[in-house]
Amino acid sequence: MVQTAPPDLLAAADEDVAAAIGREAGRQRESLEMIASENYTSPAVLAAVGSILTNKYAEGYPGRRYYGGCDFVDEVEELAIARVKALFGAEHANVQPHSGSQANLAAYFALMNPGDIALGLELNHGGHLTHGLKVNVSGKWFNFASYGVDRETERIDYDAMAAVAREVRPKVIVIGATAYPRQYDFARAGEIARSVDAVLMADMAHIAGLIAAGQHPTPVGPAPVITSTTHKTLRGPRSAFILSDADHARAIDRAVFPGTSGGPHMHVIAGKAVAFREAAAPQFRDYAIRIIENARALADALQGEGLRLVSGGTDTHLLLVDVGVRGLTGKAVEGALDAAGITVNKNTIPYDERRPTVTSGIRIGTPALTTRGMGPDEMRVIARLIGRVLDDIDDETAHAAVRAEVGDLVAGFPVPGVPD
């Protein structure tokens, strides 16, 4: 069995890098990781990603490589493909994209030509930068129109989506977000796309693990093309994949290679294969259920601290918290919580009047803490700690006291793969 190099080998070869990694290991152990897009992989995934497969170049696809010596990496990629297709019930899968952004770009290239019209969720309402940000390649090469959330309910307004689609006649409608706490109505979005002869592309990066576990409706069926990352709720390595129906399979594969990438990262594909197998196990369903239970418990407790939640709560792993109601900015809250050992990120909220670098909100998620074994009781404790920090945002002594309590709390919940 090939193992990754022991930590002391790295320290002997490069003490500076080893020291930085050691400090990061300490941060992960000793703080509350509550960024909604982050999680902890299993030791098995870490071992695969750190394996000797990093040595192998494998441009092309299994059985059709541009390099020799690919027999065994072909086995790994074929395992990853078969497992993710079975996990989501998809007709076709491409496991080579290195990131969610690359997967989205490849999907656009498969479905559109530069200058074509697409329709995505307004970025200030939760959409991702690859859904049409003007300075991103998606916004530079394609003409993105947007739909949004209703001002009162703060949920996606599908009637408005349909109206904009009829007006602009997009080739592609993107459904998915980076900061939206509610379930998506993929079936309704698919009907809207078909009504204007558009292709529905679902970006399920955040909720892939919930979908795999049957805790969120699947886009497979309504959406002919689906992109996703493999980390976040799916708990794999930092990477991505694309699912599609059979009709779009060839276009997707050509858009990935040679369209937008060269050689795949075979060590990361091995990590994906391991993660897909883990996600198919019965205990992963229990994990996904606990993610949502924790998010709801945290939501209730934060509301008890006087905070407003966008849309009034959550259906998923993610909470979008309006700190503007407390006279605070997301930037200030992110910094204060970080000083207290609680890691979140500032985030715009719908109809935010503050700049994206300042914001009126923070985004919080429960996947990583759930992986550590925390439950609703811990979520209620954490909500109280957050409330204490926000009660006196400039009190460094109070922040230090909360950080000490965070240390006591996390001591009972080890991080998988991170040594003590």
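# Exercises on helices, salt bridges and a buried charge

In helix α5, the buried residues are G100, Q102, A103, N104, L105, A106, A107, Y108 and L111; buried means under 20% relative accessible area, exposed over 50%, and partly exposed in between, with a 1.4 Å probe and protein chains only. The model is predicted, so local features need pLDDT of at least 70, side-chain atom pairs count only at pLDDT 80 or more, and totals for chains, interfaces and linings use all residues. Residues are numbered from 1 along each chain as its sequence is written, and side-chain values use heavy atoms, with hydrogens and water left out.

**Exercise 1.** Find how far helix α5 reaches from its first C-alpha to its last, and how many of its residues are buried.

Solution. Step one: helices (H or I, at least four residues) and strands (E, at least two) are DSSP runs, numbered from the N terminus. Step two: α5 covers residues 100-111, 12 residues in total. Step three: the expected span of a helix is 1.5 Å times one less than its number of residues. For α5 the expected value is 16 Å, and the helix reaches 17 Å, which is close to it. Step four: nine of the 12 residues are buried, so α5 is largely enclosed by the rest of the structure.

**Exercise 2.** Which side chain forms a salt bridge with R27, and where do the two residues lie?

Solution. Step one: a salt bridge is a side-chain nitrogen of Lys or Arg within 4 Å of a carboxyl oxygen of Asp or Glu. The count by this rule is 14. Step two: the partner of R27 is E24, with the closest N and O atoms 2.8 Å apart. Step three: both lie in helix α2, three residues apart, about one turn of the helix. Step four: R27 counts as partly exposed because its relative accessibility is 30%. E24 and R27 are also linked with E33 in a network of salt bridges.

**Exercise 3.** Are R65 and E77, which meet in a salt bridge, buried or exposed?

Solution. Step one: the side chains of R65 and E77 meet at 2.8 Å, N to O. The pair links distant parts of the chain, with R65 in strand β3 and E77 in helix α4, 12 residues apart. Step two: both residues are buried.

**Exercise 4.** D352 is buried yet has no salt bridge; find its nearest side chain of opposite charge.

Solution. Step one: D352 lies in the loop between β14 (345-347) and β15 (361-365). Step two: Lys and Arg count as positive and Asp and Glu as negative, while His and the chain ends are not counted. Step three: the nearest side chain of opposite charge is R354, 5.4 Å away. Step four: leaving out residues up to four places away in sequence, D352 touches N347, T359, S360 and G361.

Methods. Contact = heavy atoms within 4.5 Å.
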